[in-house]
Amino acid sequence: GAASPAFAAEHVDVELVLAVDISRSMDIEELELQRAGYVAALRHPDFVRAVQSGPYGRIAVSYFEWAGSPRSETLLAWYVIDGPESAEAFAATLSQRPFSGYRGTSISGALAYATELLSGNEFTAERSVIDISGDGPNNAGLPVAELRQTAIDAGIVINGLPILIRPSRNVAELDRYYAECVIGGPGAFMLPIRALEEFATAIR
């Protein structure tokens, strides 16, 4: 069904925050590919099947974009996805958003904002997950380690999707950086994104 307001402490299998880098080190084509990747992933039948295969058969998803700071105006907060219609509604909303790039890359700011979204919502879930995609190391705001630890202490899993569609830096370094400094929590993974199709796999 359509996204409906959540009733108090609604049970979902996963609370998922998609935190998406729109810093200026990404050119417009990369921004478009990244956005298209998320939209395609949300529409993918395998993603919907994965959602429906959980004990509750639904997840809660939030999406926002960040650069030197989280851009709260980009927030799509807490849609419940429980089948093809609700996945399509969320994907359609996302696909219509305007694009803009901003200065700076504050992974720590994005993690802090995502952690707040997860702790301040009405859902109850076994798993809380932040999927953070970006194309560079933290260069603004607080050190990542601190906010990563806060998230992990709150029981949140952080997965990293380093974007290497058009690597402007040493790829191995960005992979290693995400692996060592960004991801954390039980079962956390890092999956480099080198092409549009890989978003669908990663988000699934």
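A salt bridge here is a side-chain nitrogen of Lys or Arg within 4 Å of a carboxyl oxygen of Asp or Glu. This is a predicted model, and by that rule the count comes to five salt bridges. I'll go through three of them.

Start with Glu73 and Arg71, whose side chains meet at 3.1 Å, N to O. Glu73 is partly exposed, at 47% relative accessible area, and Arg71 is also partly exposed, at 22%.

Arg71 has a second contact. Its backbone oxygen lies 2.6 Å from a polar atom of the Thr74 side chain. Thr74 sits in strand β3, residues 70-81, and is buried, with a relative accessible area of 8%. Beyond its neighbours within four places in sequence, Thr74 touches Tyr63, Phe64, Glu65 and Arg97.

Now the sheet. It is open, with five strands in the order β3-β2-β1-β4-β5 and mixed pairing. Strands β3 and β5 are at the edges with a single partner strand each, so one side of each has no neighbour in the sheet. From one strand to the next, the twist averages 15°. The partner of β3 is β2, residues 59-66, paired antiparallel over six bridges; Ile59 stands opposite Ile81 in β3.

Back to Glu65. Its side chain forms a salt bridge with Arg35, 2.9 Å from N to O. Glu65 is in β2 and Arg35 in helix α1, residues 28-43, so the pair ties together parts 30 residues apart in sequence. Glu65 is buried at 6% relative accessibility, and Arg35 is buried at 6%.

Last, Arg49 and Asp46 meet at 2.3 Å, N to O. Both lie in helix α2, residues 45-52, three residues apart, about one turn of the helix. Asp46 is partly exposed, at 26%.

Terms used:
Residues numbered from 1 in each chain as written. Predicted model: local features only at pLDDT ≥ 70, side-chain atom pairs only at ≥ 80, totals over all residues. Heavy atoms only, no water. Helix = DSSP H or I, 4+ residues; strand = E, 2+ residues; numbered from the N terminus. Buried < 20%, exposed > 50% of the residue type's maximum accessible area, 1.4 Å probe, protein only. Polar contact = N/O pair within 3.5 Å; in protein donor to acceptor, adjacent residues only side chain to side chain. Contact = heavy atoms within 4.5 Å. Pairing = 2+ DSSP bridges. Axes fitted to C-alpha atoms, helices over the stretch in contact; angles between N-to-C directions.
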